[in-house]
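Welcome! Have a look at the sequence and the structure before you start.

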Amino acid sequence: MLQAEIKSLLREDISILIKTTNSGKHYLYDCGEASLLTVKEIQSLSAVFISHTHIDHFSNFDGIFRHQIGSGEKIVICGPKNIHHQIESRLKSYTWNLVDENAIEYEIREIVSEEEINVYRIRPPYWKPELVTTQNFLFEDEYVNVDFAILDHKTDSIAYLFKEKDSVTFNENGSGFKKGKWIGELKAAFENDQSEKEIEIEGTVYKAFDLFRLLTKNAGYRLGVIMDHAVCESNYDKLKTVFKRADMVYIETFYKDEDQEFAKINYHSFASASGKIMKDCQVKESVPIHFSRRYTENDVTEIETAFYKAFSETN
Ligand SMILES: [Zn+2]
Ligand SMILES: [Zn+2]
């Protein structure tokens, strides 16, 4: 299961922690000011995903690397075009003469297009980005695959979809066999498509195929976050492709419906537009996030009401 925790208070900028149930490693989505983000959580990050580098999404990046330097770990940072230059500038604005080159390594993945991801490596004390490779996928580890859409916000704004890997469970009740190491072998045969593999249980040899009925495939949870974006057809076409039927999606809803003129000028979304596109994407659950800082709690309630009305409306 994947879980998102919003670490910013009302009127703070945005930062979201994403956790997987089976791992102590977490992901961070954007680096806005976030009073609720702890040092321990920062030190548990294996990857940071940046939607875009407007100051409200990137101002706390220093606060993040402050607690990572010295860990000796490799941390991935994904972000839009030129993210490697912006990270380089931020890191170079400090003095690093006392820091060893093994204190940390960042692997920056710059999203040039849907199919082109430039991978850079950057280390102390000189922080000079070095192009390592160009690849056609963004991020995959043991637990998740991350898909994305490049949205128009008068600059690229990356919306990310975290797709937990499918899992296989053993149906203990229907088995009739004693548990043993054969269950692991059977799961491996299933995952690797080896239906002819021989599995020995209590002295008898079976074909894996005949035992697959004892397994259930569980679709992985899909959790998305869509940050700043203009209300326009080209953005919506991309969202409908990537986020279709996702389990949970958090979506930028910067303005109230009555302020939608500002949304247009600033390439942002507003309450009923965000609700409607989430409905059109047929996502199971959705939560509006990232409201203009001039809004009060009552304004936010108004946004949420209009959002959920549009999200649940039947045509
Ligand atoms: Zn923005
Ligand atoms: Zn923003």
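The model is predicted, so local features need pLDDT of at least 70 and side-chain atom pairs count only at pLDDT 80 or more, while totals for chains, interfaces and linings use all residues. Residues are numbered from 1 along each chain as its sequence is written, and chains are lettered from A and ligands numbered from 1 in the order in which they are written.

**Exercise 1. Describe the protein as a whole.**

Step 1. Begin with the secondary structure, which comes to 10 helices and 18 strands. Helices (H or I, at least four residues) and strands (E, at least two) are DSSP runs, numbered from the N terminus.

Step 2. Next, take the extent: the C-alpha atoms fill a box of roughly 70 × 60 × 35 Å along the principal axes.

Step 3. Finally, 36% of the 315 residues count as buried. A residue is buried if 20 or more other C-beta atoms lie within 10 Å of its own, exposed if 12 or fewer, and partly exposed in between, with C-beta atoms placed from the backbone.

**Exercise 2. Trace the sheet that starts with β1.**

Step 1. This open, mixed sheet has eight strands in the order β1-β2-β3-β4-β5-β6-β7-β8. Two strands pair if DSSP finds at least two bridges between them.

Step 2. Look at the edges: β1 (2–6) and β8 (130–135) each have a single partner strand, so one side of each is left without a neighbour in the sheet.

Step 3. Inside the sheet, β4 (residues 45–49) and β5 (residues 74–80) run parallel and are joined by three bridges. Here V48 stands opposite I77 in β5.

**Exercise 3. Trace the sheet that starts with β9.**

Step 1. Six strands make up this open sheet, in the order β9-β10-β11-β16-β17-β18, with mixed pairing.

Step 2. The edge strands are β9 (139–140) and β18 (285–289); each has a single partner strand, so one side of each is left without a neighbour in the sheet.

Step 3. Four bridges pair β11 (residues 156–164) with β16 (residues 222–226) in the antiparallel sense. Across this pair, Y160 stands opposite V225 in β16.

**Exercise 4. Which residues of helix α5 are buried, and what do they pack against?**

Step 1. In α5 (residues 182–191), the buried residues are L186, A189 and F190.

Step 2. These residues cover an arc of only 100° around the axis, which puts them on the same side of α5. The arc is that of the directions from the helix axis to the C-beta atoms.

Step 3. Their packing partners are β12 (167–170), β13, α6 (208–211) and β15 (215–218).

Step 4. Just after α5, D193 takes a positive phi of about 60°.

**Exercise 5. Find the nonpolar cores.**

Step 1. A nonpolar core is a set of buried Ala, Val, Leu, Ile, Met, Phe, Trp, Tyr and Cys residues joined through C-beta atoms within 7 Å.

Step 2. The largest one has 68 residues, of which I18, I77, A159 and Y160 touch the most other members.

Step 3. Leaving out residues up to four places away in sequence, Y160 touches Y29, F49, V146, F148, G224 and V225. Contact here is a matter of C-beta atoms, placed from the backbone, within 7 Å.

Step 4. A second, separate core of six residues includes L186, F190, I199 and A208.

Definitions and conventions:
Contact = placed C-beta atoms within 7 Å.
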